[in-house]
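Please read this report alongside the sequence and the 3D view.

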Amino acid sequence: MPGTEERLPKDRRQRWTWRDTAFIAVVVLLGAGAARLTQDDGPAAIPGCESVEAAGEVESFLVATIGGDDPGYNDPDYPWFSKSKADAMRRAVTEALPVDARLEDPGFAFIFPPVRNFGEARSPESAEGLTLGGSTTALGDIARGDARATVSVDVREWTGPIPSCVEGAVDRREVRPDGTVLDFYEAKDAASPYAQDFVVVYVPGVSRVFASVTGFDGSDAQVLSTDELVDVALAPGFAVTEDIPPMTFCGILTVMEEGGVDNNVVSRLNTVLDERWRWLGTTGLRLDRPLGSLVPDDSGSGLCADVVVSAPGAAANLQISITRNGFRLLENAVILPDDTLISRTENPGTSSVAVQHPSGETVVVRTVTHTVSPLVIEQLELIATSPGLEIAPS
């Protein structure tokens with residue numbers, strides 16, 4: 001059950017790939033809903049589906065992957081995927097989750113591994129033409145209140161036709177004006193420990209994204225609504241043709257260091273930032289997400305956020321970093337009576353304020369301007385000096 005198994009040592013988790021085993025058991029659900037019984041009078045109509053196929057049979061078989069080098073993220077068979085693309089997709093998932101959804105293990109959540117490549121391996125003759133592998137899947141355990149669930153996202157290139165609906169596997173289909181197709185399935189027994197809701201998004205000629213949420217504590221509480229799961233499946237960054245966005249001030253965490261920031265601390269600091277933003281009285285300014293959107297940074301021991309703030313004729317990235325470096329590095333700083341250091345920097349296109357507490361924790365707040373900055377440096381300083389904005393308060 002996710003989140004309950006004994007964890008592998010950290011170095012083992014860093015080195016593991018799907019090719020570590022010589023044989024991989026593959027279960028192909030022919031027609032996706034194969035485990036469900038077909039009605040004698042034929043498949044029933046499904047809302048939004050032009051045609052419905054009867055469920056098939058479950059077939060399982062082994063695929064040998066003996067020998068050869070693992071191309072990893074540089075597999076020439078899948079030029080659309082790379083480590084940078086994996087990082088962009090990971091960021092897309094975490095940013096698409098509701099702001100009050102907590103990652104149970106942020107250091108290992110939603111890491112997309114290299115694409116599964118079984119070469120020319122195909123399923124049995126009953127599913128001729130179905131090539132195995134070709135996708136990358138990332139998992140993450142999330143919590144909202146007392147309810148917990150595992151969210152899974154599987155991404156693959158999709159150049160074929162949109163498949164027919166399959167009885168028992170799809171509750172309804174929705175076709176968007178741009179041609180994007182969404183298939184929905186909602187678990188009938190939400191209290192089951194294996195209850196799973198999912199949405200499959202087909203972007204014709206581009207990508208297929210399978211996003212699911214599976215409760216694993218036997219609770220009937222809904223961790224993600226259907227609309228929230230759709231937000232995950234439609235998150236920017238999944239389309240195989242989409243450009244990889246440049247890295248921002250808030251980078252992508254690869255592996256969480258030991259002693260990473262506790263989720264309760266992250267929630268507390270996000271509350272501090274949200275309250276500070278309201279206190280500033282920034283009438284007329286708009287954020288693309290709450291100011292309190294801190295996530296683990298690249299080091300695994302700090303936090304960062306990158307929020308777009310805009311106003312008529314003005315826009316900038318408002319970027320926040322909280323680190324525990326323990327060094328007194330600020331130059332030309334004002335020293336406060338409690339030995340806190342405050343440093344301001346203003347350059348064309350960017351302004352920043354750095355605050356270093358006596359403990360060595362450093363808060364940096366800066367704007368990277370697209371046009372005219374909607375914030376002045378005094379406002380950045382008020383954010384950086386928010387009372388309680390420390391991972392370990394002095």
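In helix 3, the buried residues are Thr-226, Glu-228, Leu-229, Val-230, Val-232 and Ala-233. Buried means under 20% relative accessible area, exposed means over 50%, and partly exposed lies in between (1.4 Å probe, protein chains only). Helix 3 spans residues 226-233 and is mostly covered, with six of its eight residues buried. Helices (H or I, at least four residues) and strands (E, at least two) are DSSP runs, numbered from the N terminus.

This is a predicted model: local features need pLDDT of at least 70, side-chain atom pairs count only at pLDDT 80 or more, and totals for chains, interfaces and linings use all residues. Residues are numbered from 1 along each chain as its sequence is written, and side-chain values use heavy atoms, with hydrogens and water left out.

The structure holds one cavity of 30 Å³ or more. A cavity is a set of points on a 1 Å grid over the protein atoms alone where a 1.4 Å probe fits but cannot get out; lining residues have an atom within 4 Å of a point. Grid points are joined across faces, edges and corners, and the volume is the space filled by probe spheres set on the points. The largest cavity has a volume of about 30 Å³.

Which residues line the largest cavity? They are Phe-184, Tyr-185, Glu-186, Asp-197, Phe-198, Val-199, Thr-226 and Leu-229. Strand 9 (181-185), strand 10 (196-203) and helix 3 each supply at least two lining residues. Strand 10 gives the most, with three. By class, the lining has five nonpolar, one polar and two charged residues. Here Ala, Val, Leu, Ile, Met, Phe, Trp, Tyr, Cys and Pro count as nonpolar, Asp, Glu, Lys and Arg as charged, and the others, Gly among them, as polar.

## Asp-183 in strand 9

Asp-183 sits in strand 9. Its side chain makes a polar contact of 2.6 Å with the side chain of Arg-173. A polar contact is a pair of N or O atoms within 3.5 Å; within protein, one must be able to donate a hydrogen and the other to accept it, and residues adjacent in sequence count only if both atoms are side-chain atoms. Not counting residues up to four places away in sequence, Asp-183 touches Val-170, Arg-172, Arg-173, Phe-198, Val-199, Val-200 and Tyr-202. Contact means heavy atoms within 4.5 Å.

## The disulfide

The structure holds one disulfide, defined as a pair of cysteine sulfur atoms within 2.5 Å. It joins Cys-49 to Cys-165, with S to S at 2.0 Å. Cys-49 lies in the loop between strand 1 (23-29) and strand 2 (52-53), and Cys-165 in strand 7 (residues 165-166), so the pair ties together parts that are 116 residues apart in sequence. The link is left-handed, with -80 degrees about the S-S bond. Both Cys-49 and Cys-165 are buried.

Val-175, in strand 8 (residues 172-175), is 126 residues from Cys-49 in sequence and 9.5 Å from it, C-alpha to C-alpha.

## Exposure at a glance

| Residue | Relative accessibility | State |
|---|---|---|
| Leu-103 | 16% | buried |
| Phe-110 | 0% | buried |
| Val-175 | 53% | exposed |
| Asp-183 | 4% | buried |
| Asp-339 | 39% | partly exposed |

Leu-103 belongs to strand 4 (residues 102-103). Its contacts beyond four places in sequence include Phe-110, Ile-142 and Asn-263. The C-alpha atoms of Leu-103 and Asn-263 are separated by 7.5 Å, though the two residues are 160 apart along the chain.

Phe-110 lies in the loop between strand 4 and strand 5 (135-144). Phe-110 is not a glycine, yet has a positive phi of about 60 degrees. Asp-339 also has a positive phi, near 80 degrees. Asp-339 is placed in the loop between strand 16 (334-335) and strand 17.

## Helix 5 and the whole chain

Six of the eight residues of helix 5 (residues 377-384) are buried, so helix 5 is largely enclosed by the rest of the structure. The buried residues of helix 5 pack against helix 4 (263-280) and several strands, including strand 15 (314-324) and strand 19 (361-369).

The chain has five helices and 19 strands. Buried residues make up 45% of its 394 residues. Of the contacts with a separation of 6 or more, 62% are between residues 24 or more positions apart.

Conventions. On a 1 Å grid over the protein atoms alone, a cavity is a set of points where a 1.4 Å probe fits but cannot get out, and a pocket is an open set with protein on both sides within 12 Å along at least five of seven lines; lining residues have an atom within 4 Å of a point.
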